[in-house]
Amino acid sequence: MRVLVVGAGVIGAAVAWELLQRGAEVVLLDGAAEGGHTSAASAGMVNPFSLTPDDTPALPLYWRSLQMYPDWTRALHERTGIDPEWRNGGCLRVALTPTDAEHLETSLAWIHRYDAHAELYDAYTARQLEPALNSEIACALHIPSEGWVHTERLMRALHRAVQLSGVNLYTGSPALSLVVRNGAVRGVQTAHGVLEGDAVVVAAGAWAGALLQPLGIHAPITPVRGVILSLGDLPLPVRRILSSPVGYLVPRADGTALLGATREQAGYDARATAEGYAVLTHNLARLAPYLMHATVLGHTVGLRPDTPDHNPYLGAVAGYDGLYLAAGHAYHGILLAPATARAIADVILNGATELPIAPFDPNRFMR
Ligand SMILES: Cc1cc2nc3c(=O)[nH]c(=O)nc-3n(C[C@H](O)[C@H](O)[C@H](O)COP(=O)(O)OP(=O)(O)OC[C@H]3O[C@@H](n4cnc5c(N)ncnc54)[C@H](O)[C@@H]3O)c2cc1C
């Protein structure tokens with residue numbers, strides 16, 4: 001079985017690595033010199049609950065993916081020598097207002113179905129754990145099961161792992177179109193000719209729509225720009241994810257922290273603007289005002305591949321034999337990478353998966 005994977009972001013690279021480990025021949029191509037700019041620019045939270053406003057049918061897959069993280073990152077580390085810095089440090093989901101606090105109380109019921117140790121803390125207890133928090137917070141929900149990775153290291157490890165496992169890698173080589181023969185997708189057109197395969201996985205993030213639209217496939221994906229600031233010289237430490245309705249902080253192993261993130265409708269414009277910085281620092285003043293004296297070390301920018309229901313398209317596309325989608329991961333692409341990889345490899349190699357991917361049917365918006 002020869003599989004072409006279009007896009008070497010966290011999703012395409014993870015799918016490629018899974019397929020290679022299961023004996024498939026894999027061609028991985030990316031239009032950029034080094035794929036996965038958005039993935040490397042992201043905050044790296046592996047957080048099924050802290051950014052999810054309510055109970056959703058997507059949670060069972062989020063949860064399964066979180067559970068895969070320790071083994072998945074350990075295997076990557078062992079294979080490549082590059083440590084993606086998986087940390088199972090937990091999260092404090094912070095309520096800034098009485099309304100936020102009511103929401104946290106109702107959230108606790110559905111979060112408990114997965115993480116029995118999640119617990120609501122009053123402001124005093126939360127600040128004992130995380131002294132950088134604003135003294136005005138209402139309360140906080142401690143979710144010990146959540147964690148984070150260093151995304152730039154994760155991407156380097158994934159790219160190295162596929163290379164060590166014998167992938168055919170083409171960078172700087174965009175897929176210009178999908179090649180259809182007798183109703184089946186059997187390759188991709190590049191500037192250098194056609195690459196043939198038994199199956200094609202479109203994992204092109206925010207750009208996937210350009211390949212799908214010419215085939216009449218309606219799986220809408222729009223870019224949502226996100227900017228993150230990297231903070232150093234923290235006056236008070238950040239020990240776990242601090243998430244709130246206005247933004248979040250994620251610690252790094254070297255004592256720095258990431259401050260995220262803007263959500264901007266700016267098309268494919270991937271600039272960090274002064275306005276984006278202003279939004280982030282305004283939010284920091286509400287969440288952890290003591291950190292306003294930290295040093296801004298830099299920023300990263302990425303284009304989230306968002307979908308109408310903020311969930312990805314995972315699986316086989318109806319009407320086109322050999323075509324699979326693994327795109328549209330919106331706010332959860334890092335979290336969902338290992339589960340996506342396993343599910344897509346299952347579907348391609350075995351025709352089905354035991355993973356709960358029904359809510360992610362790629363055909364759900366087809367007219
Ligand atoms: C600021 C920010 C913070 C985030 N924080 C988190 C977080 O904490 N946790 C989390 O789970 N998620 C987070 N996300 C979301 C996550 O980063 C994305 O969901 C994820 O990176 C999507 O991965 P991807 O591989 O689909 O896309 P990308 O990383 O964008 O990769 C797609 C690749 O496809 C290539 N490509 C496009 N078109 C073609 C073509 N025609 N031919 C060949 N190659 C092509 C591109 O060059 C690119 O390399 C965040 C995102 C942002 C922007």
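This is a predicted model: local features need pLDDT of at least 70, side-chain atom pairs count only at pLDDT 80 or more; totals for chains, interfaces and linings use all residues.
Hi everyone, let me start with a strand pair: S230 has L258 as its bridge partner in β16. Strands here are DSSP runs of E with at least two residues, helices are runs of H or I with at least four residues, and both are numbered from the N terminus. Two strands pair if DSSP finds at least two bridges between them.

Residues are numbered from 1 along each chain as its sequence is written.

Back to β13, which also pairs with β17 in the antiparallel sense, over eleven bridges. In that pairing, V224 stands opposite R304 in β17.

Now the overall layout. The chain is divided into domain 1 (2-68 + 151-220 + 309-360) and domain 2 (91-144 + 222-306), with bounds that come from an automatic or database domain assignment. Their C-alpha centres lie 28 Å apart. Across the boundary, 24 residues of domain 1 are in contact with 23 residues of domain 2, where contact puts the C-beta atoms, placed from the backbone, within 7 Å. On the domain 1 side, α2 and α3 (59-80) each supply at least two residues, and α2 gives the most, with three residues. By class, that side of domain 1 has 13 nonpolar residues, ten polar and one charged. For the classes, Ala, Val, Leu, Ile, Met, Phe, Trp, Tyr, Cys and Pro count as nonpolar, Asp, Glu, Lys and Arg as charged, and the others, Gly among them, as polar.

So where does the ligand lie? It lies between domain 1 and domain 2, because both give residues to the shell around it. There are 44 residues around the ligand, and G7, G9, G205, G226 and G333 come nearest; being near means a C-beta atom, placed from the backbone, within 6 Å. α1 (10-21), α2 (37-41), β13 (222-232), β17 (295-306) and α9 (333-350) each supply at least two residues of the shell. α2 gives the most here, with four residues. The shell divides into 24 nonpolar, 18 polar and two charged residues.

Two of those helices, α1 and α9, pack at an angle of about 35°, with their axes 8 Å apart. The axes are lines fitted to C-alpha atoms, for helices over the stretch in contact, and angles run from 0 to 180 degrees between N-to-C directions. Among the residues making the contact are V10, I11 and W17 of α1, and G333, I334 and R342 of α9. In all, the contact has twelve nonpolar, two polar and two charged residues.

Strand β10 (residues 184-190) and β11 pair over four bridges, and a hairpin joins β10 to β11 through two residues. In β11, Q189 finds its bridge partner in V194, and T190 stands opposite G193.

Definitions and conventions: Two residues are in contact if their C-beta atoms, placed from the backbone, lie within 7 Å.
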